[in-house]
Amino acid sequence: MSALYDVRPGVRDFTAYVAGLSIDEIRQKYGLSRIIKLASNENPLGVPPLVQKVLRERAAEAFRYPRLGNPELNARIAAHLGVGPERIIAGNGSDELIDLLVRIKARPGQDNVVAFTPCFSMYGMCSRMLGVEFRQAPLRADFTFPFDDLIDTCDENTALVFVTSPDNPSGYAATAEELADLARRLPERALLVIDEAYVEFADDPAKRSLLSRLDEFPNVALTRTFSKAFGLAGLRLGYGVLPAWLAEIARPCQMPFSVNLLATYAGMAALDDTVFLQETLRITREGREWLTRELTRLSCEPAPSQSSFIMFRPPARPGLDARGVFEALLTRGIIVRHLGGFGLADRLRVTVGTRRENETFIAALAEVLHG
Ligand SMILES: Cc1ncc(COP(=O)(O)O)c(C=O)c1O
């Protein structure tokens, strides 16, 4: 075979990211008119009204490049969080920050990246794509974090340690004190990256995050997103809260203009729309409590969640496993996530929706399970 077709080792067999099914896919497949998508942890209330207004007003500016490095957006995010703007790097979804951190910190063929298993797939994807070893320590059976095992998985070549808190798919969240203790105990080279994509939904986010104590920890970075609590998944906007020394190194390494102009305006408007954020948090926390109760009533073993979704295990029924429940829900126009891709073939994950979506989901699930 011609050398033309040679690519980097491991790349040809690369496993693609698995996304939740789309509404169009299911509409076509089952010929349904009404679909409820509770598969990708998108915001139940849609796009903040203030963002919609700003996007309409600013659409005609999209022929211009945005300002390099979007300093105005970074400053607004920093003010929103109460940290210095020198720490903030916005990106094309927090996925871009995960990738950027791996690329600037890990040495291919030499370093390793450590996370729990199961975990969000991007940490492994970005590491493997770069030729960096990806190591995983199992979560406990109840999905809590065995930090001692995580530390034992590290060595002097551990470049990054990813912890998702609240976790995906379980919804479990560590306390800030536990995370601080982990940060103190990691090997010297390792950067602790805490993926806080869902932290806003926790009952008390301040008790779950090291955000207000970052000055104590030059080895801790946080990643956050506008895709969930702020309703902008389709515009792709996330950010890192990095130690200042690392942000300074990372900034020149980022793709130019990876945050598009409209996403810049949308992000600032989303921060301004505090009514939308409060309503999102209220609906999600109330819905989470209601769904947890209802799933328990249906013998589905929901995991306690601090996030915008609930992982659950449907009861064993002859001839009906979790995948069967997932497919039966699809035929009724409800998309949830089967967790086979996370190595949890007996579990499903449902995003907390609006009250009506939650009720429709529970009614359909009751029908599937109990006839
Ligand atoms: C744990 C976790 N981190 C990061 C992301 C990526 O979010 P973004 O849309 O900001 O790239 C997701 C998306 O589902 C997620 O679940």
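How many Å separate the centres of domain 1 and domain 2, taken over C-alpha atoms? In this predicted model, for which local features need pLDDT of at least 70, side-chain atom pairs count only at pLDDT 80 or more, and totals for chains, interfaces and linings use all residues, the centres lie 25 Å apart. Residues are numbered from 1 along each chain as its sequence is written, and side-chain values use heavy atoms, with hydrogens and water left out.

The protein chain is divided into domain 1 (7-37 + 275-370) and domain 2 (49-273), with bounds that come from an automatic or database domain assignment. To the contact between them (heavy atoms within 4.5 Å), domain 1 contributes 26 residues and domain 2 contributes 31 residues. The two domains bury about 2,400 Å² between them, 63% of it on carbon and sulfur atoms, where buried area is the accessible area (1.4 Å probe) that two parts lose on being put together, summed over both.

Across this interface the rule finds one salt bridge, defined as a side-chain nitrogen of Lys or Arg within 4 Å of a carboxyl oxygen of Asp or Glu. Arginine 288 forms a salt bridge with aspartate 203, and their closest N and O atoms are 2.8 Å apart. On the side of domain 1 that touches domain 2, the elements giving two or more residues are α11 (274-297) and β9 (309-312), assigned as DSSP runs (helices, H or I, at least four residues; strands, E, at least two) numbered from the N terminus. Of the elements on this side, α11 gives the most, with eight residues.
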